[in-house]
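Visitor: I'm new to this one and would like to be walked through a few places in it. Could we start once it's on the screen?

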Amino acid sequence: MLIAAQDVAGELMAARYQMALSLGFHIVLSCFGVALPALIYVLHRRGLKHPDPDVAADSLALAKKWAKVSAVLLAVGAVSGTVLSFELGLLFPGMMEEFGDVIGLPFALEGIAFFLEAVFIGIYLYGWDRLPPKVHLRVLIPIIGSGAFGTFCIIAVNAFMNNPAGFSRDPATGDVIDVDPLAAMFNNAVWGQALHMFVATYAVTGFLVAAVYAVGMRKGRLDRRHKMGFLVAFTFATVAAFSQPGIGHFTGQRLAEDQPSKLAAFELAEESEDRAPFTIGGLWIDGEKRFGFDIPWLGSIASGNSLNQVVPGINDIPEDERPPINVTRVAFQLMIAAGTAMVGIAAWFWWRRWRVGDAVFTEKWTLRAVIAGAGLSVLALEAGWTATEVGRQPWIVYGEMRTADAVTQNSGVWISLTAIVILYASMAVVATKVIRGMARRWRESEDVDLPTPYGPSELQRSTDQVEVG
Amino acid sequence: MGLSDVVAVLMFVGVVAYAIFGGADFGSGVWDLTAGDARQGAHVRAQIDRSIGPVWEANHVWLIYILVFLWTGFPTAFAAIMNTLFIPWMLVGLGIVLRGGAFAFRKFSSSLREAQIHGSVFAVSSLVTPLFLGMIAGAIASGRVPLDEPGNIWTSWTGPTSIAGGVLAVLTCTFLAGTFLAADSERSGNHALAQDIGTKSFAAGIITGAVALVAAITLELDAEKLASGLHGRGLVLILISAVAGGFSLLRLRQRRWARARVGAVIAVGAIVIGWGVGQYPAILVGHADIDDVIGARPTQIGLVIVFGLAAVTVVPALAWLFVLVNGTRWSATPDTR
């Protein structure tokens, strides 16, 4: 009996790790899927409309390159997203069995978004020189729109897990009854969470793309394309980074009421109290808070905009309903620290640019800060997801179903977890290698159409074609 | 016809679409695998890239469509399928990731050597993934996926019907893809390539037909419930499939590649619909009917509405994509443009 119980616990951890890894991998790529088309749109539009033909040519060339890179990133994003959809069933069949029909509506709508995105990306990527230029540019609009809509739908599912709504329980049997799919989709948490994630996609993509150009400029490549690529991406990154703390604050407001155990872990609060302090640093050791630095009253203000806001304390949450406190807490603080640093980096860059103009691109430390900001943006993304997902434990659907009750009975999860670790690690390495290879070849020749090396003759043919056409 | 039937039919629309579009997509990888070394295979591989490059992502959204309908429409059946068929589903997942990633990586490889490595990953996973999908179908069709407790984690999907389903899936994909690739090569002006692929497709079609006969016998012995459904309601679809397959082979002999493709699509569509009709009203053959496991009614209505939305948004978009890809401007090869 004891052995059986341990087995279940082991499978539970393996399933949670596998889901965490799959989501953590996909989420970075999905940022590109949502935000990169908007960045490309800005450049592509400039390429068609800018009065200076040199600027227009450079913009268009950048748009083409970004489109080609996005083909690689979006392919990996699409397939890793497909796998996530059946990992839900493979790893946590209990949740899908009980709530699959409650929360199916946003999934189905997301299917439409995913379809439209895939179709229009196919048209866009293959549409260069084949579609009329104006039509081709407009193909990006449904891609941008379906990216935003898809984000909303997927986050609606996650928000449901945090804030279950749209059904009731049969008092006698405990069965799910009175399902209202719209109420499930438009639960309390959805707007804040969806906006938070949507803006995050632009922050991550903007910072990462800008950092690529910052690295180039650190190596002395100070041509117009580098500056242009940097500024377009960093403008998106700046707007996103500056909006995010406010949105995050708004998102957190509902926690005191809806998910007190998560808020208690976020704030590392021992006892429930109003005028609660905001603690910087600190860990939960042997049932008490250690090493933190308290700022009086700020905790209540942060979580409820009021000194009277009661911040729930960990000690008031039953032990078997507490999330892993330190993981949740550290992830939450890392997210806030990284997000704050991103705001600082953006402010610093624009201040320097205002002061010294384009000479900012030769400033070693300013460029280094932007490059660090890219790492911080991914850290904030991953830490934020860790905080919200680990912070919901031990529940998979908060207050309604424990993760342990939803997890698969299969004993092979450690094996599939190992396979996924190897798979995603090698995908990351290979994707990086391929994209770096593309960048290297672009530096070596002006032509943006990279030949596809299927074989000696084909290579020759496509080279001929490039010279002719 | 109740709401549960409507939802089941809509889900099955996805199964048929995935079998045809996803099938041609997977099958292209099998052609890639058998195309020979870099010199011999260059033309086939370039054609595969042109044919499926713009459409492969959309083709695989059909799988997500099916899964969403399955868990929303029939949550307990979905959980049962995932529990019992954990291993093949995991392998399908690995296959899909490797295949899509490698296909994109190959296109932008820096050297022939790299392209060969990515290409072989793409090709092998293109063969393995439909194999496991066919085995999953075989497991459900032969009554090896129970509803209440998980079935055996290995033997549930390795029975005779699963083997037949897996092999037939791979061959069908190959035949289907061959007719697509032959027609595409012809349209892009590469008659020699069309001839080469068309001839091999004829052979693939003959083998597929022969294996389909063996599979039919396997069903009689191993999947009686499905077999009896196929004797009755499903019989007409089996006949349609056989006639369309024969028509396709005939057209291949006559080098009418585009016509052959139409025949192949009908043959595959009919056999898949035959499977659905044959096992109706069961969703897990021998264990659960559609009516037993249908999810909450309001969500099912929502699902039907979402399908309507998809019909007016996704279908025109898909149609535009296919029209563009099949237009002369898009299919021209570099040397004819």
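Visitor: What is B:G29 in contact with, leaving aside its neighbours within four places in sequence?

Guide: This is a predicted model, and in it B:G29 is in contact with B:F122, B:A123 and B:S126 once the neighbours within four places in sequence are left aside. B:G29 itself lies in helix α1 of chain B.

Visitor: And is B:G29 buried or exposed?

Guide: B:G29 has a relative accessible area of 0%, so it is buried.

Visitor: Which helix does B:S125 lie in?

Guide: B:S125 lies in helix α6 of chain B, which covers residues 112-141. Because its relative accessibility is 6%, under the 20% cut-off, B:S125 counts as buried.

Visitor: What does B:S125 touch, not counting residues up to four places away in sequence?

Guide: With those residues not counted, B:S125 touches B:G95, B:L98, B:R99 and B:P130. One of these, B:R99, also forms a salt bridge with B:D25, and the closest N and O atoms of that pair are 2.9 Å apart.

Visitor: Which parts of the chain does that pair link?

Guide: The pair links distant parts of chain B, with B:D25 in helix α1 (residues 3-33) and B:R99 in helix α5 (residues 86-107), 74 residues apart. Both B:D25 and B:R99 are buried.

Visitor: How many salt bridges are there over all chains?

Guide: The count comes to 20 salt bridges over all chains. Among them is the one between A:K227 and A:D358, whose closest N and O atoms are 3.7 Å apart. That pair also links distant parts of its chain, since A:K227 is in helix α9 (residues 224-252) while A:D358 is in the loop between α13 and α14 (364-390), 131 residues apart.

Visitor: What about A:R440 and A:E444, how many residues apart are they?

Guide: A:R440 and A:E444 are 4 residues apart in helix α16 (residues 413-444) of chain A, so they are separated by about one helical turn. Their side chains meet in a salt bridge, at 3.8 Å from N to O. A:R440 is partly exposed, with a relative accessible area of 37%, whereas A:E444 is exposed, with 60%.

Visitor: Changing topic, which residues make the nonpolar surface patch?

Guide: That patch, of about 420 Å², is made by A:L283, A:F291, A:V330, A:L334 and A:L379. To pick out one of them, A:V330 has its place in helix α13 (residues 325-356) of chain A, and at 36% relative accessibility A:V330 counts as partly exposed.

Visitor: And which residues form the negative surface patch?

Guide: The negative surface patch is formed by A:E271, A:E273, A:D274 and A:D316. Of these, A:D274 is found in the loop between α11 (260-267) and β3 (278-280) of chain A, and A:D274 is partly exposed, with a relative accessible area of 34%.

Terms used:
Residues are numbered from 1 along each chain as its sequence is written. Chains are lettered from A and ligands numbered from 1 in the order in which they are written. This is a predicted model: local features need pLDDT of at least 70, side-chain atom pairs count only at pLDDT 80 or more; totals for chains, interfaces and linings use all residues. Side-chain values use heavy atoms; hydrogens and water are left out. Helices (H or I, at least four residues) and strands (E, at least two) are DSSP runs, numbered from the N terminus. Buried means under 20% relative accessible area, exposed over 50%, partly exposed in between (1.4 Å probe, protein chains only). Contact means heavy atoms within 4.5 Å. Patches are made of residues with over 30% relative accessible area and no salt bridge: like charges are joined within 9 Å, nonpolar side chains (Val, Leu, Ile, Met, Phe, Trp, Tyr) within 5 Å. Accessible areas come from the Shrake-Rupley method with a 1.4 Å probe; for residues, only the protein chains shown count as cover. A salt bridge is a side-chain nitrogen of Lys or Arg within 4 Å of a carboxyl oxygen of Asp or Glu. Lys and Arg count as positive and Asp and Glu as negative; His and the chain ends are not counted. The place of a charge is taken as NZ of Lys, CZ of Arg, CG of Asp or CD of Glu.
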